[in-house]
Amino acid sequence: MNRRTFLSMSLASPVAASLLKKDIRLSNSVITPSLLASVEDESYWNAIRDHFPITKTLIYMNNGTMGPSPREVTARVASRIEHVDSTGDYGGDYEGLKKAIAQVIGAASGEEIAFTHNVSEAISVVASGVDLKSGDEVIITDQEHAGNAVPWLARAKRDGVVIKVLTLAPDDATVMERLNALLTSRTRVIAVPHVTCTTGQVLPIKEITKLAHSKNIWVMADGAHPPGMMVVNVKDLGVDAYASCGHKWLCGPKGLGFLYITKEFSDRVIPTWCGAESDKHWDYDGKVEFLDTASRYDFGTQNFALYDGLHAAIDWMSEIGFEKIDARVKYLTTYLRSQLKEHAGKHFHFLTPDTSISGVTTIKLEKMDYQHFANTLLAKHKVRTRVVAESQLFANRISAHIYTSPADIDIFVAGAVDVLESKG
Ligand SMILES: Cc1ncc(COP(=O)(O)O)c(C=O)c1O
């Protein structure tokens, strides 16, 4: 299908409408006719794209690793640094930012949010602090980023906790069946990605949580990807904790993550790293009382410029609207896959299940080395993608965000075919 054909599938087209409706329902977004129409409005998205300096230098399709920021974000970071260093006025609106994050992910309030430096640290807060004894079991998947494997393995090493590995399948029913079969009377925590870093598969977190809670098991989702990519509602998912960051799909400054944790769960997760502002009270008789809120996990001197930057990113994206962003990302992913499908079989096959539409798509090359493909695509066509060595997939991951245009996708697909068909 060429781009014109795809793009001309308007709201009036039952194919496009049902395609988008089906996809959008995956994230529980509310779909309205005006939302559908704006998803295809290229002049609107071109104006959005202009806010991102990276679009002037290359075709960036590795948002899954690092989300470039629009100018508004970097300007706010720079202005806070300038302010602190020219006035000595140290501090920032961290409560306001926690409230904004809570709104983005559907938490009840900022009191359920702790700041961290990245996703791995948010996971480490839970993995190192949760009340576990030797022989207790934690389930992770066979498609983890190191960030959700290493902290649990460290805990296993320290305290004799047993790590069990859930082998994922492309469909939710098999995933649930396999998970059920792994549960024992010693299972305490299920720690799995909401969207896998390897293939972008969206896991059935709501079903997982329902099953886990019926057996008094805690659920922590590694939510590195979804915020800013798809509509997230942690209350609807029912998770006890959700680890994420501002530096991927929220397009915030790099080096600021966050942890959502319910009050009930935080009563069972003792702060491992703590300090000034973790506590309500401490004394020299050996007493320390932690805050009742998630702020017990963040402490000490922080870089408030990053806080301001993430707040700016959330404000900026909120103005576009998270439902609209969710719909646009799915639209671009659907277009990307439709274009790639025309070349699948001969050169590569899809690792991402067809039914999982996030902003991420992973392909496995049939003959060419995955690293050579990524390097050549970048050198020859200025398209940046990511290699996936995790889980020994040796595959290639492509992501599309709000600054990606359908024309970028065309250049990527043509470049990919050129690289795959060249002898070099
Ligand atoms: C699914 C997943 N989890 C965790 C991480 C680690 O994130 P961070 O570098 O913010 O710790 C990543 C990073 O790409 C990821 O994709």
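Keep in mind that the model is predicted.

**Stop 1: the ligand**

Now zoom in on some contacts. Pick Val119 and look at its backbone: an N or O atom there sits 3.0 Å from an oxygen atom of the ligand. Next, click on Asp222, where a polar side-chain atom is 2.5 Å from a ligand nitrogen. Then go to Lys248, whose side chain puts an N or O atom 2.5 Å from an oxygen atom of the ligand. How much of the ligand's accessible area does the protein cover? On its own the ligand has 400 Å² of it, and the protein covers 89%.

**Stop 2: two residues with a positive phi**

Here's a bit of background before you click: most residues other than glycine have a negative phi. Select Cys251, which isn't a glycine but has a positive phi of about 60°. You'll find Cys251 in the loop between strand E7 (241-245) and strand E8 (257-261). Is Cys251 buried or exposed? It counts as buried because its relative accessible area is 1%, and the cut-off for buried is under 20%.

Jump along to Phe394 for another case, with a positive phi near 45°. Phe394 is also in a loop, this one between strand E14 (386-388) and strand E15 (395-399). With a relative accessible area of 33%, Phe394 is partly exposed.

**Stop 3**

Switch to a surface view and select Trp282, Tyr284 and Val288. Together these residues make a nonpolar surface patch of about 420 Å². Trp282 belongs to strand E9 (residues 279-282), and its relative accessible area of 48% makes it partly exposed.

**Stop 4: a loop residue**

Finish at Asn216, in the loop between helix H10 (205-213) and strand E6 (218-222). Why does Asn216 count as exposed? Its relative accessible area is 69%, and anything over 50% is called exposed. Before you leave, select Val189 as well: Asn216 and Val189 are 27 residues apart in sequence, and their C-alpha atoms are 9.2 Å apart in space.

Conventions
Residues numbered from 1 in each chain as written. Predicted model: local features only at pLDDT ≥ 70, side-chain atom pairs only at ≥ 80, totals over all residues. Heavy atoms only, no water. Helix = DSSP H or I, 4+ residues; strand = E, 2+ residues; numbered from the N terminus. Buried < 20%, exposed > 50% of the residue type's maximum accessible area, 1.4 Å probe, protein only. Patch = residues over 30% accessible without salt bridge, like charges linked within 9 Å, V, L, I, M, F, W, Y side chains within 5 Å. Areas by Shrake-Rupley, 256 points an atom, 1.4 Å probe, with all protein chains shown as cover. Salt bridge = Lys/Arg side-chain N within 4 Å of Asp/Glu carboxyl O. Polar contact = N/O pair within 3.5 Å; in protein donor to acceptor, adjacent residues only side chain to side chain.
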